[in-house]
Amino acid sequence: MIAHLENLYSRSDDPWQHRTSAYEAAKYATTLDEIGLGPFASAIEIGCGNGTLASLLRHRCQHLTLVECIPAALSLARQSLADARNVTFIGGTAPHDLPSARFDLVLLSEVLYFLTVQEIAELAEWLGKHATGSVVAVNWTGPTDEELDGTQAVEALAARLGASTSRSHQGFRIDVFTRPG
């Protein structure tokens, strides 16, 4: 999976047209509506890609941590957020390389279906210890080339975290899990 993503980023700095696609723009607007205005004391986006969504989210956060497993994507995120003083970048995978800090917002946008069921279980364990507010999972609802599709992946997370508020949209769904503070 990582080799596939590295290959995509070696050919384009925006393999899914995050910066130019009307679909992505609508998905980001809907995601931000679901998240709310904040402000969030400490938020984390796991799987930030090239930083397109993070550049919109950072204004709602006192501090934003970005985690990305593809070095080229993380480099692009660093470039696009070079002027952001409230952003920390971590190169690594979820759940293995996640920080031990606590977060009042955790964003999982188009990342869950890249994980295995076991990794989702480990992520849920990490969330139980580190998420103090909302956990927002955004998932493509079409087919994937991965072990899980978006619906299966979020259901695996819900099996560990409990019920979410779920809303379906054209091609994606957003699930919000509320964690006790």
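**Asp175**

I started with Asp175, which is buried at a relative accessible area of 1%. Buried here means under 20% relative accessible area, exposed over 50%, and partly exposed in between, with a 1.4 Å probe and protein chains only. The model is predicted: local features need pLDDT of at least 70, side-chain atom pairs count only at pLDDT 80 or more, and totals for chains, interfaces and linings use all residues. Residues are numbered from 1 along each chain as its sequence is written, and side-chain values use heavy atoms, without hydrogens and water.

What does the side chain of Asp175 meet in a polar contact? I found Ser166, with the two side chains joined at 3.1 Å. A polar contact is a pair of N or O atoms within 3.5 Å; within protein, one must be able to donate a hydrogen and the other to accept it, and residues adjacent in sequence count only if both atoms are side-chain atoms. I then listed the contacts (heavy atoms within 4.5 Å). Beyond its neighbours within four places in sequence, Asp175 touches Val135, Val136, Ala137, Val154, Ser164, Thr165 and Ser166.

Asp175 sits in strand E7. Strands (E, at least two residues) and helices (H or I, at least four) are DSSP runs, numbered from the N terminus. E7 covers residues 172-178; six of its seven residues are buried, so the strand is largely enclosed by the rest of the structure.

I checked pairing next, which requires at least two DSSP bridges between two strands. E5 (residues 131-140) pairs with E7 in the antiparallel sense over seven bridges. Ser134 has Thr178 as its bridge partner. E6 (residues 165-169) also runs antiparallel to E7, with five bridges. There, Ser168 stands opposite Arg173. The E6-E7 hairpin has two residues between the strands, and Gly171 takes a positive phi near 90 degrees.

**Cores**

I looked for nonpolar cores: sets of buried Ala, Val, Leu, Ile, Met, Phe, Trp, Tyr and Cys residues joined through side-chain atoms within 4.5 Å. The largest has 29 residues, and Val106, Leu108 and Leu112 have the most contacts inside it. Strands E1 (43-46), E4 (103-109) and E5, with helices H5 (117-130) and H6 (150-161), each give two or more residues to this core. Another core of 25 residues lies apart from it, with Cys48, Cys61, Leu74 and Ala77 among its members.

I also noted the reach of Leu112. Outside four places in sequence, Leu112 contacts Ile120, Leu123, Ala137, Asn139, Ala153, Val154 and Leu157.

**Helix H4**

Which residues of H4 (residues 71-80) are buried? I found Ala73, Leu74, Leu76 and Ala77.

I found a cis peptide bond from Gly38 to Pro39, with omega near 0 degrees. Pro39 is in the loop between H2 (22-35) and E1. Ala94 and Pro95 are also joined by a cis bond, with omega about 5 degrees. Pro95 lies between E3 (87-91) and E4, in a loop.

Glu110 has a positive phi near 55 degrees, and is not a glycine. Glu110 belongs to the loop between E4 and H5. Is Glu110 buried or exposed? Buried, with a relative accessible area of 15%.

**Whole chain**

I count six helices and seven strands. Of the 181 residues, 52% are buried.
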